[in-house]
Amino acid sequence: MAFPVQRLRRLRSGEPIRRLVRETQLAPSQFILPLFVCPGEGVRREIGSMPGHAQLSIDNVVPECEECLALGLGGVILFGIPEHKDEMASGAYADDGITQRAVRAIKKAHPKLLVMTDVCNCEYTSHGHCGFIKDGDVDNDITLEWLAKTAVSHARAGADVVAPSDMMDGRVAAIRKGLDAAGFSNTPILSYAAKYSSVFYSPFRDAAESAPQFGDRRSYQMDPTNSREAMREIELDLEEGADMIMVKPALAYLDIIHEARRRFDVPIGAYHVSGEYSMVMAAVEKGWLDLERTMFEVLTSIRRAGADFILTYFSKIAADLLP
Ligand code: PBG
């Protein structure tokens with residue numbers, strides 16, 4: 001039975017009926033706000049390519065977190081910018097490192113806020129790569145030791161979830177083992193399982209001061225041409241003990257989110273990354289796109305593809321505008 005019996009416009013005729021049959025919903029609890037924490041006091045250093053976002057010292061991050069809690073966000077994810085960078089990324093796993101101190105301060109002030117930490121080395125190495133450099137490339141297995149130590153130090157500081165974003169092989173197993181041995185068998189791992197080597201991270205690298213000083217990340221992050229490989233990455237991370245997985249970036253990889261949703265019955269996050277945010281904001285500043293409509297259409301598409309939650313720089317604006 002088709003037209004004229006079937007008329008799909010019947011269910012689009014007004015907001016009340018459209019609201020009833022809406023298939024995809026957005027809620028503040030689905031958004032995770034990335035925050036950049038830097039040393040010092042009273043610091044709020046705006047990030048030029050990411051309007052509305054800044055590097056914040058701990059005393060400024062804490063009130064920011066209070067807002068996140070009031071807006072009902074799912075949580076925050078912290079990226080640390082250390083005072084010193086070195087070859088060994090020692091600031092990443094120091095118990096008094098910038099991320100560890102920030103976690104302690106936030107959890108003390110707002111114990112109910114879900115605090116995730118990004119577990120990686122690129123902000124902490126002098127060369128900006130995500131691990132130990134041997135023969136001109138990142139050495140996988142030595143880097144695993146750093147990652148496990150970092151995750152344990154974050155958990156010890158009170159992190160609710162640790163999220164490795166380095167793309168080393170075996171990092172989830174190494175982190176799980178480290179956490180369990182240190183008594184953190186209840187700390188979940190959100191793995192950036194399918195993380196592509198993407199141009200869309202460029203504004204983030206200014207924000208986190210983590211651009212590689214030589215070469216690129218293509219020997220560890222995924223080639224954007226591959227989708228079957230993403231399923232292998234996810235499968236392996238789950239076998240190694242990941243509790244939740246992530247696809248990153250989001251908008252150019254909706255097919256990956258969708259396929260992951262179809263195959264894996266675990267919570268799936270998507271990282272709507274810095275460049276995706278900057279593109280929208282630039283168009284908005286030029287008056288070419290409407291912020292609210294663009295933001296909600298993009299976030300909805302990521303949820304429709306199958307993501308349960310979204311790490312996004314729009315978290316606060318979106319939560320604030322939702323009914
Ligand atoms: C750290 C990390 C990056 C992002 C999240 N964790 C940068 C990178 O891999 O170069 C990117 C986030 C964004 O662009 O918003 N490895």
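## Cysteines

The sulfur of cysteine 68 lies 5.5 Å from the closest cysteine sulfur, in cysteine 65, too far for a bond. A disulfide here is a pair of cysteine sulfur atoms within 2.5 Å. By this rule there are zero disulfides. Cysteine 120 is in none either. For cysteine 120, the nearest cysteine sulfur belongs to cysteine 130, 3.6 Å away.

Cysteine 68 is buried, at 0% relative accessible area. Cysteine 120 is buried too, at 2%. Buried means under 20% relative accessible area, exposed over 50%, and partly exposed in between (1.4 Å probe, protein chains only).

## About the model

This is a predicted model: local features need pLDDT of at least 70, side-chain atom pairs count only at pLDDT 80 or more, and totals for chains, interfaces and linings use all residues. Residues are numbered from 1 along each chain as its sequence is written, and side-chain values use heavy atoms, leaving out hydrogens and water.

Most residues other than glycine have a negative phi, and most peptide bonds are trans. Alanine 89 has a positive phi, near 50 degrees. Alanine 89 sits in the loop between β4 (75–80) and α3 (90–93) and is buried, at 0%. Helices (H or I, at least four residues) and strands (E, at least two) are DSSP runs, numbered from the N terminus.

Glutamate 209 also has a positive phi, of about 50 degrees. Its loop runs between α7 (202–207) and α8 (228–240). Glutamate 209 is partly exposed, at 38%.

## Cis peptide bonds

Phenylalanine 3 and proline 4 are joined by a cis peptide bond, with omega about 10 degrees. Another cis bond joins lysine 248 and proline 249, with omega about -10 degrees.
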